[in-house]
Amino acid sequence: MNKQAQAVVLLLFGGAILKASWTDLYLRYVKEGLRPFLLLTGAFLVATSLMTLWYEYRPATSPQDAPDDGHGHGHHEPRVGWLLLLPVIGLLLVAPPALGAFTADQSGSLPAAAESDYGPLPEGDPVPVGLLDYASRSIYDDGRSLTGRRLELTGFVTTGPDGAPMLARIVVSCCAADGRPIKVGLTGGPALDVPSGTWLRVTGRHSPQRTKDPVNQADIAYLEVEQWQPITPPKQQYE
């Protein structure tokens, strides 16, 4: 692979990063706050590749401008470098979906986060609550800040330890590589007859019921369901 080919590969890498970060595609891989850094990185790679191409195709001023291996032939890099195109092509043509039900089925539920003080929920009826926030308040605060409130949880359907459907969401700290599911059990209400992976908006009230995740023995909180409805997957699918 000569320098011209290297520059083309670099140009494709930068273009793929810019395409992903200019649209919502990047949200499948990293947190929303990293978008400016992705844009800067993609622009830097594109600029570097264009400068390399300009340098390589500018008019030669002397024979010394052409690299030589000492035997009258230009130097060639290993052809394995062309394999760098594979992830670029994958990102441009076959972008994988965000982590979802399969990851949740195979991974243990993220342990709820303990806090010293759980403040009151904001106004609203029902009030939207994140799955991790709900599980933390239910398990470590015994649901005191949830009692008497109608709650709205959003997530995708996954299979619980007893085969019953649960609501789940992938929680990320930085990117999809560290994503882990948070699961909330569902009890009562209309029966869920939708396939795994379907996104739902569920309205209900706090339930004291709990169970253990068989994968890692983490506590799983439950919600007493009043109603549910399928929804389009949100733009930001991770918590």
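Biologist: In which loop is Val80 found?
Modeller: This is a predicted model in which local features need pLDDT of at least 70, side-chain atom pairs count only at pLDDT 80 or more, and totals for chains, interfaces and linings use all residues. Residues are numbered from 1 along each chain as its sequence is written, and side-chain values use heavy atoms, with hydrogens and water left out. Helices are DSSP runs (H or I, at least four residues; strands are E, at least two), numbered from the N terminus. Val80 is in the loop between helix H2 (35-57) and helix H3 (85-93).

Biologist: Is Val80 buried or exposed?
Modeller: Buried means under 20% relative accessible area, exposed over 50%, and partly exposed in between (1.4 Å probe, protein chains only). Val80 has 57% relative accessibility, so Val80 counts as exposed.

Biologist: How far apart in space are Lys31 and Cys175, C-alpha to C-alpha?
Modeller: Lys31 lies in the loop between helix H1 (3-22) and H2. In sequence, Lys31 and Cys175 are 144 residues apart. Their C-alpha to C-alpha distance in space is 5.9 Å.

Biologist: With which side chain does the side chain of Lys183 make a polar contact?
Modeller: Lys183 sits in strand E4 (residues 180-187) and counts as buried because its relative accessibility is 5%. A polar contact is a pair of N or O atoms within 3.5 Å; within protein, one must be able to donate a hydrogen and the other to accept it, and residues adjacent in sequence count only if both atoms are side-chain atoms. At 3.0 Å, the partner of the Lys183 side chain is the side chain of Asp213.
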